[in-house]
Amino acid sequence: MTKPDPVATPPVVPTADDILTKAAARLDVAKHQVERALAEANIALTTPAPADRRLRILRLRVDGIKHDGEPFTIDRPFEPGIWAIVHPENSAGKTSLLEFLVWPLRGAPRDLPPGVQSWVRTLRLDLVVAGKPTRIALEQIPGLLPPVSVDILTADTVQALLAAADDNPLRLVAKGSGTDDVERVIGSFFLDALRMERTSLWSATGGADGEGAPQVHGWPAYFGAFYLNAGGDELLLGDVSAPGLPAKLLELFVDIPTAVPTPSCPSR
């Protein structure tokens, strides 16, 4: 017997096109005829289920060399349940361990000291994103320009992902090279996989002429909303500073309605 997959596979949800194709086949008509009939009846056909936006971390592996030449290795599986990182002393690496998780998830570290970041040679994070087994593989080579690169890979099952060695080819989804490109590639991957759109906010003083312009915020803003700030941070939510953005993220994630004052409905 094979060991069951530790992550349940979500049910296959038909797309709007799948439904059109099935309806056309059952009625023995062309698909465009079904579309026209629905349009005449003012019926908008959409996917009948919300997007799968679950994200689960499976395993973190980090290899590197400290400044004194001492090699270090981290290999940490994450089983279902609640995890806590504790140590009786300060400067024991608790924050660094969290930042090693942040780096591949966000696209760039938030609070990882540059000295510690330079120790890293390879960082592998295995996770499940929207039901898809995924590996985010970062590599740093000192002296190479650009020094950091990323490969985003996928497998058919979680078992296949966890069993795949670093030299065992998985299917390549995306890759990037250089600090900015790595952040862009990772951000685009998560936005696409989780079916999330960029958030646009109007800035009254933005634009080349200072007359105002939209500010577009991508994956880092979303990531900061569910990976909360450390205690004492000034921002209410997230780590991207922009007027109105924390309140917007709060509405998106907590679903708090906004009250718009009108003459017939005065504000309280």
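## Thr154 and Pro133

A polar atom of the Thr154 side chain lies 2.7 Å from the backbone oxygen of Pro133. This is a polar contact, meaning a pair of N or O atoms within 3.5 Å; within protein, one must be able to donate a hydrogen and the other to accept it, and residues adjacent in sequence count only if both atoms are side-chain atoms. The model is predicted: local features need pLDDT of at least 70, side-chain atom pairs count only at pLDDT 80 or more, and totals for chains, interfaces and linings use all residues. Residues are numbered from 1 along each chain as its sequence is written, and side-chain values use heavy atoms, with hydrogens and water left out.

Thr154 belongs to strand 5, residues 148-154. Strands (E, at least two residues) and helices (H or I, at least four) are DSSP runs, numbered from the N terminus. Thr154 counts as buried because its relative accessibility is 8%. Buried means under 20% relative accessible area, exposed over 50%, and partly exposed in between (1.4 Å probe, protein chains only). Beyond its neighbours within four places in sequence, Thr154 is in contact with Lys132, Pro133, Thr134, Leu170, Arg171 and Val173. Contact means heavy atoms within 4.5 Å.

## Strand 3 and its partners

Strand 3 is mostly covered, with 9 of its 10 residues buried. Two strands pair if DSSP finds at least two bridges between them. Val62 has Leu123 as its bridge partner in strand 3.

Strand 4 (residues 132-140) is also antiparallel to strand 3, through 8 bridges. Here Leu127 stands opposite Thr134. In a regular strand the side chains alternate between the two faces of the sheet.

## Thr122

Thr122 lies in strand 3, residues 120-129. Leaving aside neighbours within four places in sequence, Thr122 is in contact with Arg61, Val62, Asp63, Leu138 and Glu139. Leu138 is 16 residues away in sequence, yet the C-alpha to C-alpha distance from Thr122 is 5.7 Å.

## Positive phi in two loops

Strands 3 and 4 form a hairpin with 2 residues between them. Ala130 sits in that loop. Phi of Ala130 is near 50°, a positive value in a residue other than glycine. Ala130 counts as partly exposed because its relative accessibility is 22%.

Arg195 is found in the loop between helix 6 (179-193) and strand 7 (199-203). Phi of Arg195 is near 55°, again positive in a residue other than glycine.
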